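Hello,

Please find the structure below. My notes on it follow.

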Amino acid sequence: MSPRQTDELRSHPSPGAGAGATSPVYARISGTGSILPSQRVTNQDLVERLARDGVETSDDWIVERTGIRARHFAQAGETSATLGAEAARRALAAAGLQASDIDLIVCATSTPDMVFPSTACLIQRELGVHGCPAFDVQAVCSGFIYALTVADAMIRGGTARRALVIGAEVFSRLLDYSDRTTCVLFGDGAGAVVLEASAQPGIVASCLHADGRYANILNVPGHLAGGEVTGAPLLRMDGQAVFKLAVSVLDKAAHEVLDAAGRTADTVDWLIPHQANLRIMQGTARKLHLPLDRIIVTVDQHGNTSAASIPLALDVGVRSGQIQRGQSLMLEGVGGGFTWGAVLVDY
Ligand code: UT7
């Protein structure tokens, strides 16, 4: 894409510029960070744990159907807020910034520490700062894509210049360990990025979608009422329905952002999809005609960490040296709601 096309796509008044200035403002990722809880649980650990309650599974089944080999489970004292705050500290250090430099905190989570206040507010407190806006985004496994898009819009609109965008989850606490079709899939963790206003791209294009008619295929229906939990407070999923929908919408979302940017799939250096199932990720890459070695894969070691999975994978890719400055990244999420979306990033 030519610079002219890029400028047309994201041309907004700079928040720091004088009246009438029209220099383009992008939101650029200046640092990434992530953390996994200390307890690593292999498939074999889970096989033994479930067998004690008469639930049968195997390492072979889990690896063959999902690509997952291990995940991390939070321990006492580890929450979405504590994990999210540590991921944020690491992203700040990578960006060379202090928490006090940040003027927006957006946290994507479906496993908040409390009904309220938001996990973003608790993370702000953990970081020892106050005053800047902080709020949660709830879009389950698409949450980080939603949060990044909201923060991008706020930066381009001039209401923030340096944002922390965090995905943090402790899904191990929502799992029904008598349901082998779901409890082997998920893990805990957090990832974060610092997003800064910049004259350089940046987030190039994004799309968000939801279809509430599919609320029943992946949900945690329980809620608080009169001081009690009403309804099942554990995760329920129709795996095959989610699988089919995921493959279809992820392909459409990828093409939507590529079209918006005037680019083709062969310009994408790295596909960083939500890490739910290796087969879904490989199916998406094949549809885009991308070689499988251009997918950042962490699902094998992290399992599905919902809203944390994309920033975790991004940080792993950056710190391993796979992802380099100047490369084009396709971030894609899909999850409960049903929600989905994609963000095209010039890193
Ligand atoms: O993050 C949100 C997005 N979530 C997803 O993307 C998840 C999407 N869905 C999936 O990834 C897959 O559908 C699953 C991994 C959940 C399931 O894989 P599948 O290939 O669709 O398997 P299935 O549900 O068709 O089950 C096949 C068989 C069944 O046995 P029968 O009926 O063929 O005898 C299941 O009972 O596998 C059995 N099974 C298991 N066996 C051993 C299901 N779970 C297990 C298990 N261990 N853990």
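This is a predicted model: local features need pLDDT of at least 70, side-chain atom pairs count only at pLDDT 80 or more; totals for chains, interfaces and linings use all residues.

Residues are numbered from 1 along each chain as its sequence is written, and side-chain values use heavy atoms, leaving out hydrogens and water.

Helices (H or I, at least four residues) and strands (E, at least two) are DSSP runs, numbered from the N terminus. Two strands pair if DSSP finds at least two bridges between them.

E14 and E15 (residues 339–346) are antiparallel and share eight bridges. Their hairpin has three residues between the strands, and Gly 337 takes a positive phi near 145° there. E14 also runs parallel to strand E13 (residues 270–273), joined to it by four bridges; Trp 270 has Leu 329 as its bridge partner in E14.

E14 (residues 328–335) is largely enclosed by the rest of the structure, because eight of its eight residues are buried (under 20% relative accessible area, with a 1.4 Å probe and protein chains only; over 50% is exposed, in between partly exposed). One side carries Ser 328, Met 330, Glu 332 and Val 334, the other Leu 329, Leu 331, Gly 333 and Gly 335.

Elsewhere, helices H8 (residues 239–261) and H9 (residues 278–287) pack at about 30°, their axes 9 Å apart (lines fitted to C-alpha atoms over the stretch in contact, with angles from 0 to 180 degrees between N-to-C directions). In contact (heavy atoms within 4.5 Å) are, among them, Phe 243 and Leu 250 of H8 and Ile 280 of H9.

Regards
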